[in-house]
Amino acid sequence: MKNGIHPQSHDVEARCACGNTFRTRSTKSELHLEICSACHPFFTGRQKLIDTEGRVERFTKKFGAQTVAQRKTVADAAKAAKAKAVRIAKAAAKAAAATA
Ligand SMILES: [Zn+2]
């Protein structure tokens, strides 16, 4: 490290709004965080949606819950219905050919 060009580095205890603390190094003398790895939804796996106007609820009411699993079920059902329709059409064509 070259002298006189780097800011002062401190050992600090970072404090999160959730109450979690951890030690790190920073050029600031103290660190206050709103979110950390102990409370961020990505790490906890819990979804925390801030929905003050009920928009999510309204969407769910109008279109139904949209999850990957649900969409897959709907797609599978559509595929099965199409396959059945093709089978019926083939059977009808076969029957028509037999009677002709
Ligand atoms: Zn936190």
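Student: Among contacts between residues at least 6 apart in sequence, what share joins residues at least 24 apart?

Tutor: Good place to start! In this predicted model, 0% of those contacts join residues at least 24 apart. A contact here asks for C-beta atoms within 7 Å.

Student: How do you know whether the protein is a compact globule or more spread out?

Tutor: Let's begin with its elements: there are three helices and three strands, following the pattern β-β-β-α-α-α along the sequence. The radius of gyration is 30 Å, while the globule rule gives 13 Å for 100 residues, so the protein is more spread out than a compact globule. Its C-alpha atoms fill a box of roughly 100 × 40 × 20 Å along the principal axes.

Student: What share of the residues is called buried?

Tutor: The label needs 20 or more other C-beta atoms within 10 Å of a residue's own. Buried residues make up 0% of the 100 residues.

Student: What makes β1 and β3 a pair?

Tutor: The definition asks for at least two bridges between two strands. Strand β1 (residues 10-16) and β3 have three bridges, in the parallel sense, so they count as paired under that cut-off. You can look for R15, which stands opposite H32 in β3.

Student: Why are β2 and β3 at the edges of the sheet?

Tutor: The open sheet has the order β2-β1-β3, with mixed pairing. β2 (21-26) and β3 (31-33) each have a single partner strand, so one side of each is left without a neighbour in the sheet. Neighbouring strands are turned by 30° against each other on average, direction ignored.

Methods: Residues are numbered from 1 along each chain as its sequence is written. This is a predicted model: local features need pLDDT of at least 70, side-chain atom pairs count only at pLDDT 80 or more; totals for chains, interfaces and linings use all residues. Helices (H or I, at least four residues) and strands (E, at least two) are DSSP runs, numbered from the N terminus. Axes are lines fitted to C-alpha atoms, for helices over the stretch in contact, and angles run from 0 to 180 degrees between N-to-C directions. The radius of gyration is taken over C-alpha atoms; the globule rule is 2.2 Å times the number of residues to the power 0.38. A residue is buried if 20 or more other C-beta atoms lie within 10 Å of its own, exposed if 12 or fewer, and partly exposed in between; C-beta atoms are placed from the backbone. Two residues are in contact if their C-beta atoms, placed from the backbone, lie within 7 Å.
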